[in-house]
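Work through the exercises below with the model open. Try each task before you read its solution.

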Amino acid sequence: MPLPVELNPESSLLARFGYEVRRQRLAANLTQRQLADKVMFSTSMVGMVERAARKPEKAFARRCDEIFQLDGVLMGLWLMAYRWKDAAPLWFRHGLQAEQEATALRTWDPLLFFGLMQTEGYARHVLAGEPGITAEVLEQRLATRLQRQTVLSKSEPPHLWAIIDEGVLRRPIGGPKVMREQLAYLLELAERPKVSIQILPYSASSTCGLLSAFVITELPGDWTTVWAESSIQGKVTDEPDIVRSITTRYDALRVEALPQYMSLGIIKRELKRWTGARWCGGSHRNPGRMEGRA
């Protein structure tokens, strides 16, 4: 029988699932064979799941939840790891994998906050804006986005350099309450030693980043990839010419961006403005307008 493998639960959702199954099994004082009998799967299946060597079936996750009285914890992990991820295009899965293994992330988005920096409320409104999205798919995508954010809470998180267009601070995604929470969260993130936030002000008049959002991902072994997005589909590549072009574009944006201490001052100013704002109707599909309180 293979020796137990000490999984790093932060390495992937599959590892998180296997780690949790093994932890719960040991806490219940069950052997792999005893758990296998209870969930009606083979002992080898239990072993492979605990080693993150095999994708568990939905019934396996559901029965483990029942046995360990976890109230859907493992089913939630199963949904995040497989139902949405497997349905995602290959480029997106490659981007997620690189993101989880990154030593550094350099991000730019002219329209929205970077996904790893979004609050749940902000992310929900962004994702809900896709035409025709169902409630089930929305919850799956939201769960995936929130799970991605755990990379910033790892014992050794990647360095995160984020350049944010000033207009993103003023775009009314979800209304004043959601925006207040989002900007407050940015200030919280900025206190972390490996997070740097810079605002590209209106006064910069920079146009080199207006065409698309992108993420430059640095990985172990001096390997760099680029994740560039569009309204149709994204692309993840390590082609040297593209990486060099996007890196040059990022450096140009960073030259125009404000230093962090000034950027945080702008975020605090906008947070104060949202605190004094009232919402004039609207929803995630029709955001309405925002007015300052008289």
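**Exercise 1. A glutamine in a loop**

Is Q149 buried or exposed? Keep in mind that this is a predicted model. Then place the residue and list its contacts.

Solution. 
- Step 1: take the relative accessible area of Q149, which is 12%.
- Step 2: apply the cut-off, since buried means under 20%. Q149 is therefore buried.
- Step 3: Q149 sits in the loop that runs between helix 8 (135-148) and strand 2 (159-165).
- Step 4: find the contacts, setting aside neighbours within four places in sequence. Q149 touches G115, L116, M117 and Q118.

**Exercise 2. A glutamine in a helix**

Find the element that holds Q24, and classify the residue by accessibility.

Solution. 
- Step 1: Q24 belongs to helix 1, residues 13-27.
- Step 2: its relative accessible area is 13%. The limit for buried is under 20%, so Q24 is buried.
- Step 3: leave out neighbours within four places in sequence. Q24 is then in contact with F68 and L70.
- Step 4: follow F68. This residue is one of the buried residues of helix 4 (residues 58-68).

**Exercise 3. Packing of helix 3 and helix 4**

Which residues of helix 3 are buried, and what do they pack against?

Solution. 
- Step 1: helix 3 covers residues 43-50, and its buried residues are M45, V46, G47, V49 and E50.
- Step 2: these residues pack against helix 1, helix 2 (32-39) and helix 4.
- Step 3: turn to helix 4. A59, F60, A61, C64, D65 and F68 are buried there.
- Step 4: recall the helix geometry. An α-helix has 3.6 residues a turn, so residues three or four places apart point the same way.

**Exercise 4. Strand 1 and its partners**

How many residues of strand 1 are buried, and which strands pair with strand 1?

Solution. 
- Step 1: six of the six residues of strand 1 are buried.
- Step 2: sort the side chains by direction. A104, R106 and W108 point one way, and L105, T107 and D109 point the other way.
- Step 3: take strand 2. Strand 1 and strand 2 run parallel and are joined by six bridges. R106 stands opposite W161 there.
- Step 4: take strand 4. Its pairing with strand 1 is antiparallel, over five bridges. On this side the bridge partner of R106 is I216.

**Exercise 5. The cavity**

How many cavities of 30 Å³ or more does the whole structure have, and which residues line the largest cavity?

Solution. 
- Step 1: the search finds one cavity of 30 Å³ or more.
- Step 2: the largest cavity holds about 40 Å³ of space.
- Step 3: its lining is T107, W108, D109, L112, F113, F114, A162, I163 and I164.
- Step 4: trace the lining to the strands. Strand 1 (104-109) and strand 2 each supply at least two residues.
- Step 5: sort by class. The lining has seven nonpolar, one polar and one charged residues.

**Exercise 6. A partly exposed arginine**

Where is R171, and what lies around it?

Solution. 
- Step 1: R171 is in the loop between helix 9 (166-170) and helix 10 (176-190).
- Step 2: its relative accessibility is 30%, and R171 counts as partly exposed.
- Step 3: R171 and L112 are 59 residues apart along the chain, with 8.4 Å between their C-alpha atoms.
- Step 4: beyond neighbours within four places in sequence, R171 is in contact with P110, L111, M179 and W274.

Notes
Residues numbered from 1 in each chain as written. Predicted model: local features only at pLDDT ≥ 70, side-chain atom pairs only at ≥ 80, totals over all residues. Heavy atoms only, no water. Helix = DSSP H or I, 4+ residues; strand = E, 2+ residues; numbered from the N terminus. Buried < 20%, exposed > 50% of the residue type's maximum accessible area, 1.4 Å probe, protein only. Contact = heavy atoms within 4.5 Å. 1 Å grid on protein atoms, 1.4 Å probe; cavity = no way out; pocket = protein on both sides within 12 Å on 5 of 7 lines; lining within 4 Å. Points joined across faces, edges and corners; volume = space filled by probe spheres on them. Nonpolar A, V, L, I, M, F, W, Y, C, P; charged D, E, K, R; others polar. Pairing = 2+ DSSP bridges.
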